[in-house]
Every structure is written in structure tokens, then in C-alpha cells.
Amino acid sequence: MKNSFKESGYTKLSNIFDKSIINRAYIESLELVEKIRAGKLNNSSSYKKDSVIRTINPHVFSPAIKELLTESRLGIEAATVTKSKSIQIWGSQLYVKLPQSTNSTVGLHTDFQYVKCFKNKVLTAWIPLNNITIKAGSLIYIPKSNYFSDSIEHLTDADCKDINKQREVIKNNLPSSYDWEEVISDTNIGDLFFHDHKTIHGSNANMTIRPRIAIAVGLVTDSTEFEKKHDYFGYINQLSHKEVCPVIYEK
Ligand SMILES: O=C(O)CCC(=O)C(=O)O
Ligand SMILES: [Fe+2]
């Protein structure tokens, strides 16, 4: 899956993180899930055995996740991919799919659908916290969709559970200059993915007997453009809170 970020709208880098920090982040993620189950963490969707469990800004609650995001190669790799002098986290999201969680599909979507306040050139990092096979629901990318996602009418969102139906809608709306392509692979501890905010992606349910855990990190780059009138969730205001939004690379 060697490809250029600019051409494909996503890229995969291997052996970026130490196993030990990923393993600690994995263990602390499971501890967060236990807190969610006990009703002791409110920055999360409710505990659902069968569905995806999302936690907002887990790096604020988990020292290992904070270390993974702030003291690793994440910042420099993001700066290299986007040719930026500075990289700042605007937020993170933990995605936990428990074993055989038949309803844990994440529908095809673009991140831009959720962060319209970052009008341009905001980047997402996706970090698997364990080895995620295709059967466990590793990330599906539609290469080059960053160039055409704006033109897909009726593109539904991450809450949609029917990826087959979404795929048909996208295929039927594909501009004639693009061929349909879909990429998915088994991932390993140490892998780091980046995708453009307009790249279409999603994931199938976890059908394995192990949890499937990944973290998505929203990154502000040198070219990010802000649109305050679309700041529905206060993300732009939050950038001044360095505990939540640390700068992770500065040249
Ligand atoms: O882990 C997933 O299935 C979804 C991740 C995602 O949507 C993202 O990284 O933007
Ligand atoms: Fe996403």
C-alpha cells in the first residue's frame, strides 16, 4: 500500500511507534472502557457491547495516550507529510470495538463532514493500538476521494451501518475521470496512517474474538484555514487550551 499522500489522499507508514508505548496505550484504553461501563467517564458515547464505543480526547485522561501523541514521531511525520513548520492537536477520538460487536461498523464518511470549521488542510492521523486484521475492521480508504467527495450527493455518514449501500451510492456518483478503488489491509502495531479531511473512509464491524482499538487524531497544519461561523462544537476556541490541544511539533 505504498502511495503518496498528495495523490491518494491517505498514506500508511510502518514501524513509527515503539511497541511498548502502543501496548501501554492499549491497556489504558481498556481501563477507560471499564470506567465508561461503570458510568465514571462522561466524555464518551454510552457503553455498548455491540456497537463502537467512542471517547472524546482520551489523551486528557490517559497518560500513555498523551505520551503516544506528544512524545513520539507523530508530530514530525505529520509535518513531513504536509510540509508544515508546526503541528497542533485539535482533538482526538478513541474507537473501541469489543469482540464480535456485530453493530460496530463505522460508515463511510469524510472528517470534513464533522469539522466544517476547519475549511481546508486539516489532517487526521489514525493509529491502531493493536494488530487490526481486515476481519477485525481495519480502516477502508477510497483513494483519491479527497478530490471528488464534495461532489457526491447523498453521501451519508459514520453512523450508517450499511457500507454496501454507501458504496453503491458513491460508485453511482463517481465523476467519469475516476475509477472505483477501495483499499483495506491488515495493520500492525507501530503503523501510522494519515488521511486528508476530504478522503472517504470507514470500517467494518469487529468479527474477531479480540477487542479492536484505534485512535484518530485531528491535526492543525500550517495550511489549515478556519471558518469561525461553522465552529459548532467550539473546536477553534479550544485551540488555546494547551492541555487539550498541545502543539506536538514546532520547527
Ligand atoms: O477507527 C475507525 O473505524 C474510524 C476512524 C476514523 O473515522 C478516523 O480516523 O477519522
Ligand atoms: Fe473519520
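Mentor: Start with a cut-off: a residue is near a molecule if its C-beta atom, placed from the backbone, lies within 6 Å of it. Keep in mind that this is a predicted model.

Trainee: Which residues are around ligand 1?

Mentor: They are Tyr-95, Val-106, Asp-111, Thr-124, Trp-126, Leu-139, His-201, Ser-203, Ala-214 and Ala-216. Strands β5 (118–128), β8 (201–203) and β9 each supply at least two residues of this shell.

Trainee: How does the shell around ligand 1 divide into nonpolar, polar and charged?

Mentor: It has 6 nonpolar, 3 polar and 1 charged. Asp counts as charged, and the shell includes Asp-111.

Trainee: Why is Tyr-249 called buried?

Mentor: The cut-off for buried is 20 or more other C-beta atoms within 10 Å. Tyr-249 has 20, so the residue is buried. Tyr-249 sits in strand β10. Leaving out residues up to four places away in sequence, Tyr-249 touches Gly-75, Ile-76, Ala-78, Ala-79, Ser-86 and Ile-87.

Trainee: What makes Gln-93 partly exposed?

Mentor: Partly exposed lies between the two cut-offs, 12 or fewer for exposed and 20 or more for buried. Gln-93 has 18 C-beta neighbours inside 10 Å, so the label is partly exposed. Gln-93 belongs to strand β3. Beyond its neighbours within four places in sequence, Gln-93 contacts Arg-54, Thr-55, Ile-56 and Ala-216. Ala-216 is also one of the residues around ligand 1.

Trainee: How far apart are Gln-93 and Gly-218, in sequence and in space?

Mentor: They are 125 residues apart in sequence and 8.4 Å apart in space, C-alpha to C-alpha.

Trainee: Now the helices. At what angle do the axes of α2 and α3 cross?

Mentor: They cross at roughly 140° and come within 8 Å. The crossing is left-handed.

Trainee: Which residues make that contact?

Mentor: From α2, Ile-21, Arg-24, Ala-25 and Glu-28; from α3, Ala-64, Ile-65, Glu-67 and Leu-68. The contact divides into 5 nonpolar, no polar and 3 charged.

Trainee: Which residues of α3 are buried?

Mentor: Ala-64, Ile-65, Lys-66, Leu-68 and Leu-69. These buried residues pack against α2, α4, β3, β9 and β10.

Notes
Residues numbered from 1 in each chain as written. Chains lettered and ligands numbered in written order. Predicted model: local features only at pLDDT ≥ 70, side-chain atom pairs only at ≥ 80, totals over all residues. Helix = DSSP H or I, 4+ residues; strand = E, 2+ residues; numbered from the N terminus. Contact = placed C-beta atoms within 7 Å. Axes fitted to C-alpha atoms, helices over the stretch in contact; angles between N-to-C directions. Left-handed = near helix turned anticlockwise from the far one by under 90°.
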